[in-house]
Amino acid sequence: RVVYERALKNEDAGKLSDALADYKKAGELAPHWFDAHFGLSSLLADQKKYAQAIEALGKALQARPGSYSALFNRGLHYENLRQYDKAILAYGEAVGEEVDYSFHGDSPAECQAHALHYRGRIYQWHKNDPEKAIADFTKALQLDPKIRMVHYRRGRAFRDLKDYEHAHQDFEAALEADPDYPQLNDIFAWQLATCPDDRYRDGQRAVEIATEHGLIPSLAAGYAELGKFDEAVFLIEKWIEKVKRAKPLTSGKSAKARAESLEKWEQQLASYRVGKPLRQP
């Protein structure tokens with residue numbers, strides 16, 4: 001315990017090398033002491049040494065089998081390593097029947113919802129599987145109806161499946177919980193302006209949301225939906241000029257994304273110039 005407490009003090013003082021050495025020593029002296037292994041894994045993860053952090057969590061789980069915190073963190077570290085299949089398995093273990101939630105501050109339901117949310121994000125972001133993402137997000141909301149961001153992410157997954165009714169419902173629910181979230185306002189304003197299903201199109205509301213949050217492409221799409229094509233052309237022209245004048249991007253991936261966005265906005269401009277509103281899935 002003396003070595004472990006010294007590790008804590010060294011970590012607080014910013015003496016990270018000393019702290020790492022002390023956590024390792026404490027774990028060697030007491031192999032069944034969960035806190036020593038878990039503390040080591042957390043510090044290693046802070047230093048982005050995720051593979052070593054996972055190894056330390058393996059020892060922590062030997063000391064306290066089924067620890068939710070260790071299982072969840074292992075999923076997080078696999079995700080950081082882009083080992084998404086292993087992350088999916090780890091998050092799945094964190095909602096299993098033998099999981100120990102007793103040392104975590106949240107309720108078991110909140111813990112399970114959190115793990116399902118993160119597993120759903122992997123299906124959505126990295127596996128291109130909106131159906132599995134929706135399944136996990138739905139279970140998460142059943143367990144914890146107040147969990148943040150899940151309505152928004154499930155709405156995006158429904159939108160990917162062209163289920164605009166449920167996407168609209170989720171965006172509305174997400175907006176109630178987090179009315180100032182920029183990406184939510186942007187995607188909802190865009191859907192209101194361009195949805196192929198006219199039951200969920202509302203150009204005026206799209207304009208109101210986009211105006212309040214400074215979302216220029218969505219605002220232009222909203223004006224086009226209202227038949228105000230001169231305003232739409234003016235806005236998107238100015239937007240394209242602004243982006244073209246912006247500082248060049250050094251990252252090849254970012255530069256490619258910007259080029260693709262410019263191409264998309266140019267296509268929108270061409271549509272507005274001939275008096276045609278957008279209808280995009």
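Helices (H or I, at least four residues) and strands (E, at least two) are DSSP runs, numbered from the N terminus. Asn185 lies in one of them, helix H11. This is a predicted model, in which local features need pLDDT of at least 70 and side-chain atom pairs count only at pLDDT 80 or more, while totals for chains, interfaces and linings use all residues. Residues are numbered from 1 along each chain as its sequence is written, and side-chain values use heavy atoms, with hydrogens and water left out.

**The largest pocket**

- A pocket is found on a 1 Å grid over the protein atoms alone: it is an open set of points where a 1.4 Å probe fits, with protein on both sides within 12 Å along at least five of seven lines.
- Rolling a probe the size of a water molecule over the atoms shows where empty space is left.
- The largest pocket has a volume of about 510 Å³, a volume being the space filled by probe spheres set on the grid points, which are joined across faces, edges and corners.
- Lining residues have an atom within 4 Å of a point.
- The largest pocket is lined by 19 residues, and Asp186, Ile187, Trp190, Ser218 and Lys264 are the closest to its centre.
- Two or more lining residues come from each of helix H9 (150-160), helix H11 (182-194), helix H13 (216-225) and helix H15 (252-273).
- H15 gives the largest share of this lining, with five residues.
- Sorted by class, the lining has eight nonpolar, six polar and five charged residues. Here Ala, Val, Leu, Ile, Met, Phe, Trp, Tyr, Cys and Pro count as nonpolar, Asp, Glu, Lys and Arg as charged, and the others, Gly among them, as polar.

**Aromatic contacts**

- Rings of Phe, Tyr and Trp (its six-membered ring) pair if their centres lie within 6.5 Å; planes under 30 degrees apart count as stacked, over 60 as edge-to-face and the rest as tilted.
- Across the whole structure, a search finds eleven aromatic pairs.
- One of them is edge-to-face and joins Tyr152 and Tyr181, at 5.2 Å centre to centre with 75° between the planes.
- This pair links distant parts of the chain, with Tyr152 in helix H9 and Tyr181, 29 residues apart from it, in the loop between helix H10 (164-177) and H11.
- Tyr152 and Tyr181 are both buried, where buried means under 20% relative accessible area, exposed over 50% and partly exposed in between (1.4 Å probe, protein chains only).
- Trp239 and Trp265 also form an edge-to-face pair, 5.8 Å centre to centre and with 85° between the planes.
- Here too the pair links distant parts of the chain: Trp239 is in helix H14 (residues 229-245) and Trp265 is in helix H15, 26 residues apart.
- Trp239 counts as partly exposed because its relative accessibility is 21%, whereas Trp265 is buried at 11%.
- One aromatic cluster is made up of Tyr68, Phe72, Tyr91, Tyr101 and Tyr118.

**Charges over rings**

- A charge sits over a ring if NZ of Lys or CZ of Arg is within 6 Å of the ring centre and within 35 degrees of the ring normal.
- Tyr118, a member of the aromatic cluster, has Arg121 over its face, at 3.9 Å from the ring centre.
- Arg64 lies over the face of Phe34, at 3.9 Å from the ring centre.

**Cysteines**

- Searching the whole structure gives zero disulfides, a disulfide being a pair of cysteine sulfur atoms within 2.5 Å.
- Cys111 counts as buried because its relative accessibility is 1%, and Cys195 is buried with a relative accessible area of 1%.

**Loop residues with positive phi**

- Most residues other than glycine have a negative phi.
- Arg82 has a positive phi, near 65°, and lies in the loop between helix H5 (68-80) and helix H6 (84-93).
- With a relative accessible area of 68%, Arg82 is exposed.
- Lys162 has a positive phi near 65° and is found in the loop between H9 and H10.
- Lys162 counts as exposed because its relative accessibility is 52%.

**Positions and distances**

- Leu184, in helix H11, is buried with a relative accessible area of 0%.
- The C-alpha atoms of Leu184 and Gln52 are separated by 36 Å, and the two are 132 residues apart along the chain.
- Asn185 counts as buried at 2% relative accessibility, and its C-alpha atom is separated by 10.0 Å from that of Gly214, 29 residues apart along the chain.
- Arg1 lies in the segment before helix H1 (2-12) and counts as exposed at 62% relative accessibility.
- Between the C-alpha atoms of Arg1 and Ala210, 209 residues apart along the chain, the separation is 57 Å.
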